Amino acid sequence: LRDNRIELVRASWHELSISVSDVSLSDEGQYTCSLFTMPVKTSKAFLTVLGVPEKPQITGFTSPVMEGERMQLTCKTSGSKPAADIRWFKNDKEVKDVKYIKEEDANRKTFTVSSTLDFLADRNDDGAVISCRVDHESLNSTPQIAMQVLEIHYTPLVKIISSSSWPEEGQTIILTCESKGKPVPEPVLWTKDGGELPDPERMVVNGRVLSISFLNKTDNGTYRCEAKNPIGRNSTEYVLIVHDVFNTLLPTTVIPSLTTATVTTTVALTASTTTSAAATSIRDPNALAGQTGPDHALIGGIVAVVVFVTLCSIILLGRYLARHKGTYLTNEAKGAEDAPDADTAIINAEGSQVNAEEKKEYFI
């Protein structure tokens, strides 16, 4: 061996050691050690040199990327022997659906490998870290990594948040328009029923917040919030329905009675200036779905039947008592007023046989 990179480390009758510095692929091959005896004795060993892959590079990225555009990122490394392995990650989560290509270098000893990641740009990928990792046995478990941070531009996403789920007359409601986009959206635009806000004194816009004070029925309508940026615009709507104000229900007083049925009516005082004689059915927003009140018609019918049966019983009892009540006189007592003795009293009694007219018979 005649090479300046090869040095004799130790020489004796029992051992011969050499060292090779700055190892290259050309150093790969079979090495032979000979002992010049009679006969000559030899020992052979094959040296394999690994090709260390170069640091990977990511190509195909343009910044910024519009939402919905197709992106093709390619990671490439050369000089690996054997061929290196390339893996893709998005925010430390491995991406499996990739295309892998292996090519032999000009020296026919090392390889160039590349991998392509193909996907559609999405707003959720904005700020995501795309990394390409090269694994090879020559790297001693320390992979080489290339990274790229995504920048995705997208139209605003708009949402309206209300401060009250049951707005009532006289209250104040605050509508907040949340808009998220890249670039950051411009100040939002508030409209009502397709036109400008009709009452600027009560309807105050402060940035993304719309505040409406002293609500009344004229405020009912559809409120729209629109946000835009250089990429596009988006909007959302909120339907406002102002409800009547109801005071605390009046207490109910029930007067007990033995013979009459008491019907209790609960009256609600409203803020309206018009008095209506008809009962208005008011839906309680806090009432649970499926719950209904008692059937007042059924209860009233039962009470009426009970009262009717009671009155009939009283009338029948009165007639019975009237027919069996009084003082009864015997025949002697009826004729005893002017009679000197009992016999005379019987003769003078009403209905006696003595005073009865004699029946007569006529033959024709």
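**Notes on a predicted chain with two disulfides**

1. Let's begin with contacts, meaning heavy atoms within 4.5 Å. Among the contacts in the chain with a separation of 6 or more, 56% are between residues 24 or more positions apart. Before you read on, keep in mind that this is a predicted model, where local features need pLDDT of at least 70, side-chain atom pairs count only at pLDDT 80 or more, and totals for chains, interfaces and linings use all residues. Residues are numbered from 1 along each chain as its sequence is written, and side-chain values use heavy atoms, with hydrogens and water left out.

2. Now the overall make-up. You'll find three helices and 20 strands in the chain; these are DSSP runs numbered from the N terminus, with helices being H or I of at least four residues and strands E of at least two. Of the 364 residues, 23% are buried. Here buried means under 20% relative accessible area, exposed means over 50%, and partly exposed is in between (1.4 Å probe, protein chains only). The accessible surface is about 27000 Å², and carbon and sulfur atoms hold 54% of that. Those areas come from the Shrake-Rupley method with a 1.4 Å probe, and for residues only the protein chains shown count as cover.

3. On to the cysteines. Taking a disulfide as a pair of cysteine sulfur atoms within 2.5 Å, the count is two. One of them links C75 and C132, with an S to S distance of 1.6 Å. C75 sits in strand β7 (residues 70-80) and C132 in strand β12 (residues 129-135), so this pair ties together parts 57 residues apart in sequence. The torsion about the S-S bond is about -70°, so the link is left-handed. C75 is buried at 0% relative accessibility, and C132 is buried with a relative accessible area of 0%.

4. The other disulfide is formed by C177 and C225, whose sulfur atoms are 1.7 Å apart. Strand β15 (residues 173-182) holds C177 and strand β19 (residues 221-229) holds C225, so parts 48 residues apart in sequence are tied together. The link of C177 and C225 is left-handed, at -75° about the S-S bond, and both cysteines are buried. Counting bonded cysteines along the chain, the pattern is 1-2, 3-4. For C33, the relative accessibility is 42%, which counts as partly exposed; C312, at 30%, is partly exposed as well.

5. What about the cores? A nonpolar core is a set of buried Ala, Val, Leu, Ile, Met, Phe, Trp, Tyr and Cys residues joined through side-chain atoms within 4.5 Å. The largest has 20 residues, and M71, L73, W88 and L150 touch the most other members. β7, β8 (85-90), β11 (111-120) and β12 each give two or more residues to this core. Leaving out residues up to four places away in sequence, M71 touches F61, V65, L117, D118, F119, A121, L150 and I152. Another core, of 18 residues, lies apart from that one and includes L175, C177, L215 and Y238.

6. Last, a hairpin to look at. Strands β10 (residues 99-104) and β11 run antiparallel and are joined by six bridges; strands pair if DSSP finds at least two bridges between them. E104 is opposite F111 in β11. Six residues lie between the two strands of the hairpin, where R108 takes a positive phi near 60°.
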